[in-house]
Amino acid sequence: MGNRPWLPAVTGPPRRLVQALRLAGPATRAQLVELTGLSRATVSGYVAELVERGLVTPADPSGHLPTGGRPASLVQLTRVAGVVVGIDIGRTHVRVAVADLAHEVIGEHVASVPVVDLGADAVLDTVAAQVRAELDRVGATTDDVVGIVAGLPTPVSGAAGALDGTVVKSNILPNWSGTVPAAELRERLGLPVMVDNDANLGALAESRWGAGVGSRSTVYLKLATGIGGALVLDGALLRGVSGTAGEIGHVSLDPDGDLCRCGNRGCLELKAGGGALLRAVRTAAPHLADLRALVDAAVDGDQACRRLVADAGTSVGVVLGGLVNTLNPDRIVIGGELGTAGDLLVDPMRRALAQSAIPSAVEGLDVVPGSLGGRAEVLGAVAAALSEPDRFAG
Ligand SMILES: [Zn+2]
């Protein structure tokens, strides 16, 4: 980003090493040889040079002990190398996390913000203030930031981590349609900011640090008020031409069904989205204020809520069948608030999937709840910021 004149630029092969460490987190010299294609002697020489410059330090091996043998000698980037910022702008909250380049979150704060009701200007003012406050809390400034990514609960055009992505005509954030949040944040923070869709970021986080670890081909579903989806293949997001790959919430189950906010009829979201479940439960349990309360009631044994959650699982499973036949993934990770219903949701989903997809495609497939909960999106923003070294190079 070029905001750190006191730090001499790292160029050439040592820079490859810095980028590999930024992407991988703490790593052994052997791993760095594999990641950079440099020889072992070259890696050792450059690591020594970077240690001397204060950019790299031996990592604490506790927690990284291999079974048997002596502890692997890990190295990691220091705070001198910078920090990254992840931002999750939800419908009713803004969450900001600051992480170091050793992949540790060193500061995180979530604030209630009525994002849907406020205009983009007011929300982005709040976001910028929150970023500065969180940086301050961990003893950093915007000069230390080497990557910053923000997630929005709505499609963003050119969603390939666009620096200039425009919020497309949005029924979720009507006050945001046509705005360019990345440019607005850049103006407020003086840093290039990438903006992406929240389901894409949740998918990235679960696949890197959560329930998708070890999977080669992950389908991620965010089951919340709406239904979002994303695909991660070999560690990278598959976005599609206009950024909507994996959006199964708007697959139509009934061409004569109710009209959906997307303009089509009978979409899955109208049957299994949190908004639909809340409308459906109103007669049986009018006291339930939101999706969280509905899921809690189901977990506590409320029969009507259990039935709604199970039926939602079945509907999602039927639609997933088509996606499983098409992509043949090895894992499906269910995130979002509805995902916290666990097996109440996932068991019927598995049964429906078994009846709607090719048996051999279902055989090697795990369907699991997400493990990162409400932090999935902000951690995905951190992961995206760590993955984009070239974009943020000074
Ligand atoms: Zn729709």
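**Salt bridges and a helix contact**

Arg137 forms a salt bridge with Glu134, with the closest N and O atoms 2.8 Å apart. This pair belongs to a predicted model, in which a search of the whole structure finds 15 salt bridges. Arg137 and Glu134 both lie in helix H4, which spans residues 120-137. Because the two residues are three positions apart in that helix, about one helical turn separates them.

A second salt bridge within a helix is formed by Asp347 and Arg350. The closest N and O atoms of Asp347 and Arg350 are 2.7 Å apart. Asp347 and Arg350 are three residues apart in helix H11, and therefore about one helical turn lies between them. Asp347 counts as partly exposed, at 32% relative accessibility, and Arg350 is also partly exposed, with a relative accessible area of 31%.

The salt bridge between Glu337 and Arg292 has its closest N and O atoms 4.0 Å apart. Glu337 is located in the loop between strand S12 (331-335) and helix H11 (343-356), while Arg292 is part of helix H9 (residues 291-299). The pair therefore ties together parts that are 45 residues apart in sequence. Glu337 is partly exposed, with a relative accessible area of 34%. Arg292 is likewise partly exposed, with a value of 29%.

Helix H9 also takes part in a contact with helix H10, which comprises residues 303-327. The axes of H9 and H10 come within 7 Å and cross at roughly 105°. Because angles of 65 to 115 degrees count as roughly perpendicular, H9 is described as roughly perpendicular to H10. On the H9 side, the contact involves Leu294, Ala297, Ala298 and Val299. These residues meet Cys305, Arg306 and Val309 in H10. By class, the contact of H9 with H10 has six nonpolar residues, one charged residue and no polar residues. Arg306 is the charged residue of this contact, because Arg is classed as charged.

How values were computed. Residues numbered from 1 in each chain as written. Predicted model: local features only at pLDDT ≥ 70, side-chain atom pairs only at ≥ 80, totals over all residues. Heavy atoms only, no water. Salt bridge = Lys/Arg side-chain N within 4 Å of Asp/Glu carboxyl O. Helix = DSSP H or I, 4+ residues; strand = E, 2+ residues; numbered from the N terminus. Buried < 20%, exposed > 50% of the residue type's maximum accessible area, 1.4 Å probe, protein only. Axes fitted to C-alpha atoms, helices over the stretch in contact; angles between N-to-C directions. Parallel < 35°, antiparallel > 145°, perpendicular 65-115°, else oblique. Contact = heavy atoms within 4.5 Å.
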